[in-house]
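User: I have a protein model open and would like to go through how its parts pack. Can we start with a pair of helices?

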Amino acid sequence: MSDVVEKTLTALPSLLSIDSQPGAAKLSSTSKLGSLIRGITELTSKHEEEKLIQQELAAIKDQASSPNTSMRQMKELMVRAIYCEMLGYEASFCYIHAIKLAQQGTALEKRVGYLSVALFLNESHELLLLLVNTVLKDLQSTNLIEVCMALTLVSQLFPKDMIPAILPLVEERLTHPKEIIRRKAVLALYKFYLIAPNQVQHIHNKFRKALCDKDPGVMTASLHIYLQMIKENPDSYKDLTGSFVTILKQVVAGKLPMDYNYHSVPAPWLQIQLLRILSLLGKSDPSTSEIMYEVLDESLRRAEMNHNITYAILYECVKCIYTIHPKAALLEKAAKCIGNFVVSPKINLKYIGLKALTYVVQQDPKLALQHQMTIIECLDHPDLIIKRETLELLFRITNAQNVTVIVEKMLEFLHTGQDDYTTIDLVGKVAEVAEKFASDNKKWFIDTMNTMFSLGGDLMQPDIPNNFLKLLSEGFDGGGGDMKLRHFAVDSYVSLLQEEPGKLPQRFLQVISWVLGEYSHLRDDLEPVTVLRLLAKLLDLKQASSETKSWVLLAMTKLCEGEASTTVLQQISETYCSSMDTALRQRAQELQNLSLHPELRARVLPQDVCKEPLEVDSSLSFLDAFVSDALAAGAAPYKPPHQRQDDLAQEKALSLEPYGLQLPISMSSCSLADRQSPTLPSMSSGLSGDSSDLSLKAGSTTLKLEKVKRVWGKEGYLAQRDPVEEPAKVEAHTVVHSADQVGETSISQSQTPLATVAASQEKQQLASSLFVGLSSQTSVSLMGKSELTPQRFSRKAKGEVTSSEVSKQTSNSVDNLLCNILLDSNVDPEASLPSPRQTSQTSYGSAAAKDIALIDNERPESDMKRPETCLIRDNGLVAADSAETEEPFRTKDMCLASYLPADCIGTTYSEITHLCSSHCVDLSACHVHKEDCLVLVVFISNTSASLVQRLVVQLDSEEVEVSCISESPVEEVKSHHVEVCQYSLTVKRPLVHFVASGLVSFHTATGTPHTTPFSCKLPLTAFIRPLALSTEEYGTMWLAFSHDTKQKLTLIMDIQDPLRATLNVLERKLHLHVVDIIGMEGIIACQLLQDQPCLMHCRVHAGTLSVWLRSPVPDLPDCLLYHCQKALQEHC
């Protein structure tokens, strides 16, 4: 730490020492501030505290206004005023004195002044302009303390308009010899970037210098700027990935000074910041992600789980690993880390585990299956935060098969929920998933929304009932069950009004009113006068708001048919025509006129209206002539809301916006001629997003009136009125699901288990219902990395969209997701680098495949050797350690091929690939495709003029079983001669690629020993063989296999037969067998060596190829699907 800072901290204890009178001796701080603190702590009521603080503020005000008060005494007064403001009491009279104190006095007094200003004022406060010149003067000072104080204030609050005046001085401080000045200058520039990014665009190069600063504090401060800039545009900073990785390596290795350690953890907050930056840079970028793998592995290894700060580092590591391009080894370690968190008995660790699992469950749904029983136990955890995070996790894995059970769990939690935030959040999630899957079970949807409206009350966001009403009015795609949905809604709401409508929330009453007014005529047995009497009961409710009554009157207007109805409506209209509320008067007048004039009502509200969607001119083009005339007459042009707010802020004009919206939403958005939704066009509330957005939305249109006694209301003075009781929440019954909704699972929430066995069985049943559909899917959520954010529900499209376009978009997104989440085999990153030759020959179709070194393309038949042997180009081995060009070895391929063993003649073999070179020995290899095995042939070439002796070739692999099948081991190689070793390879478990590594050791003629490692990489397709089956055998095997996966692939658009052309490509490149093609469907069979079959069913739909793979081997369908996708992409 800087010596200047140490001196400053040493001097701070004198901050509270005062002079009560000129010439008096120094007194302890307990004489003023200390006595105030002790007095407050001894009080017994809030009233006594308020009285004491008011006396203290009065004393401070008198002494601050006195001309005899010295700067030292003013310093003590500011400290006491800060304490009073911290307790929530206003001390605005001290603001100007704080500015004066910052402008005058000694360094310590100026520091207290700056501190007071920073705590008292905000960025838009007009008194802050008085401090600009002081800041400019202090930035140019030669006193280090004054420069630090000025930069500290600038980094906390400074007027946006004054940044150009101070920016050059702050830039100059980036080269100051003192590191504390450079660090504070970087923080000041970070503040400038947040409030005015365009004004610091020209100094990005200086940010890079700060990143390379020799002081770790300056470097750490610059990471704040880079994190913000990389969030906005990560592609522009990909070149800095190596620098960030190097910094993180040094931090993890403990290269920073010990001052940066926290509980023996090296710079933990710096590690967290770097991990967040790396996750942004490596997202969907294989080449950039590959640079990070080593340091992420090291961070996971060194962050031992022994302190809270290490848990935070592990959490950020897990998020980073699952955000960047995946690597199997890291994913496995991250999954193990999440498992340790989830099963921990400590609540904090369990919460971190659930949080991490919620983040990564989209990329790896099977990870949730591994901990399903722990998740079930978390649903009954006594801690509400654990319960809420568990429900968030279930919300992410919701699909059509488990939606009823998950929604039921959310509604149960709403019954016991206490805080408003949880209610708002869960209500939004329930509405979102219910509307997403509403078309599958319409009665369940209506029951669920009724329960949600009852429990959510008036806390829910306005767009939730708006979207529900739009769904009822516009219906689903296809429109087959729209009328049925409306019938369910009418029946349900009539039953609710016949019971106790007084317990229903206001927004639910508004929804009921609109639905009955719009669709009650669909029930032939329901008379309009009956509905009118039910709605009239709502007008008599004491707790019914003016807005709810407006909705009810609007619904009645649509039901004025017959004499009996006219009589009821006339009584109601006479009651409200004299109301003090203008909206109610307007609705009552409309109701009265339309009920007395049937002809007018028939024209305004026709019963048999066209069911086509209403065309809305969103551009308001019919007003163009009016706008042109107004502009010609001198009217001001239209400005967007944000420009108007900026103008008002600059002019310091009064805000003419009303404090609250008095009229109901429906009043400004619908006319009597419209029998559709009376609500405003809804905007997504983002309830499943950040809580900060929620809080802003919830408080954007209403005043916050806590601790304010309500005296005046919409209808006049309220002082003499009896308090109105708040409507009690409806004890809504939990929706009971039938067997066809939840499969064969029946869950009883009220029955208490009598034994441990019964409880365990019940949890097993619940788990089977909650996690159904996760084992075979790759995208089963409402949100994810590659899945676009879904709409709240599916409505009838306004324009025609072809099914082929929709299917093509879906196919592309799912294809990209598959590339991102498929296991890329447990291969060491150095062992998976492509050789220069293959890199030059290969061009992948997607960025997710760029880090795969082995290319599984077959060479055209015209390029193959005939008739003895088939040579497969680009489907061969990759030398992982090859660093030099392979051009000299290309000419040797045909020469080495002549050394193939006799039993390999007539078989298909891959391209001969160079593995390694050492002194005078070259190793090359190819793999030979035999019917029952895969043979790896290693060619050992002696390029010297002397004998090579004591030769030993060792080959091993963790992924395949290796056995030597050579008749006798090769022990020596003659001069300019080639020897051959053969190895049989057998798959242990399916992977996308397999790696075999080994060592070659030998002695030269002089007796000098040499040892060289090598490795080779083989694709899964090298072990795939066609499986000849009949259609009947195929059907029998299909039903017997349990592991499957589904995907949509690119269809080769052949003019004559696209399906046959696509299957021919897969058959030729992947060694598959086409069993049969019937119309637009085809069936394919193949087997992994050692009798591990895999079946594929293909169907052409909407311009794409829908494939369904099944196998008795768990990972084989996913791995084979990857190669199918790559083969078709390369062909196209």
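Analyst: Axes here are lines fitted to C-alpha atoms, for helices over the stretch in contact, with angles from 0 to 180 degrees between N-to-C directions. This is a predicted model, where local features need pLDDT of at least 70, side-chain atom pairs count only at pLDDT 80 or more, and totals for chains, interfaces and linings use all residues. Residues are numbered from 1 along each chain as its sequence is written, and side-chain values use heavy atoms, with hydrogens and water left out.

User: Which residues of helix 24 and helix 25 meet?

Analyst: F445, I446, M449, M452 and F453 of helix 24 meet I464, P465, F468 and L471 of helix 25. Contact means heavy atoms within 4.5 Å. By class there are 9 nonpolar residues in this contact, no polar and no charged ones. Ala, Val, Leu, Ile, Met, Phe, Trp, Tyr, Cys and Pro count as nonpolar, Asp, Glu, Lys and Arg as charged, and the others, Gly among them, as polar.

User: What is F445 in contact with, leaving aside neighbours within four places in sequence?

Analyst: F445 is in contact with A434, E435, A438, F468, L471 and L485.

User: How many residues does the largest nonpolar core have?

Analyst: The largest nonpolar core has 207 residues. Those with the most contacts inside it are V135, F244, F445, F468, L535 and M556. The largest share of this core, 10 residues, comes from helix 16 (residues 308-323). Another core, of 66 residues, lies apart from it and includes C920, A925, F1014 and C1119. A nonpolar core is a set of buried Ala, Val, Leu, Ile, Met, Phe, Trp, Tyr and Cys residues joined through side-chain atoms within 4.5 Å. Buried means under 20% relative accessible area, exposed over 50%, and partly exposed in between (1.4 Å probe, protein chains only).

User: Why would such residues end up together?

Analyst: In soluble globular proteins, nonpolar side chains tend to be buried together.

User: What share of the protein chain do buried residues make up?

Analyst: Buried residues make up 50% of the 1132 residues in the protein chain. Its secondary structure comes to 43 helices and 21 strands. Helices (H or I, at least four residues) and strands (E, at least two) are DSSP runs, numbered from the N terminus.

User: Back to packing. At what angle do helix 7 and helix 8 pack?

Analyst: Helix 7 (residues 132-139) and helix 8 (residues 144-156) pack at about 135°, with their axes 8 Å apart. Helix 7 and helix 8 are therefore oblique to each other. V135, D138 and L139 of helix 7 make the contact with E146, V147, A150, L151, L153 and V154 of helix 8. These residues divide into 7 nonpolar, no polar and 2 charged.

User: And what about helix 4 and helix 5, where do their axes come?

Analyst: The axes of helix 4 (residues 71-86) and helix 5 (residues 95-103) come within 10 Å and cross at roughly 135°. That makes helix 4 oblique to helix 5. On the helix 4 side the contact is made by M71, M74, K75, M78 and E85, and on the helix 5 side by Y95, H97, A98 and L101. Here the residues divide into 6 nonpolar, 1 polar and 2 charged.

User: New topic. What is the phi of H263?

Analyst: H263 has a positive phi of about 55° although it is not a glycine. Most residues other than glycine have a negative phi. H263 is found in the loop between strand 1 (261-262) and strand 2 (265-266), and counts as exposed at 52% relative accessibility.

User: What about S284, and where is it?

Analyst: S284 also has a positive phi, near 60°, and is not a glycine. S284 sits in the loop between helix 14 (268-282) and helix 15 (286-302). At 48% relative accessibility, S284 counts as partly exposed.

User: One more: is V405 buried or exposed?

Analyst: V405 is buried, with a relative accessible area of 3%. Its place is in helix 22 (residues 403-416). V405 and L394 are 11 residues apart in sequence and 9.9 Å apart in space, C-alpha to C-alpha.

Terms used. Angles under 35 degrees count as roughly parallel, over 145 as roughly antiparallel, 65 to 115 as roughly perpendicular and the rest as oblique.
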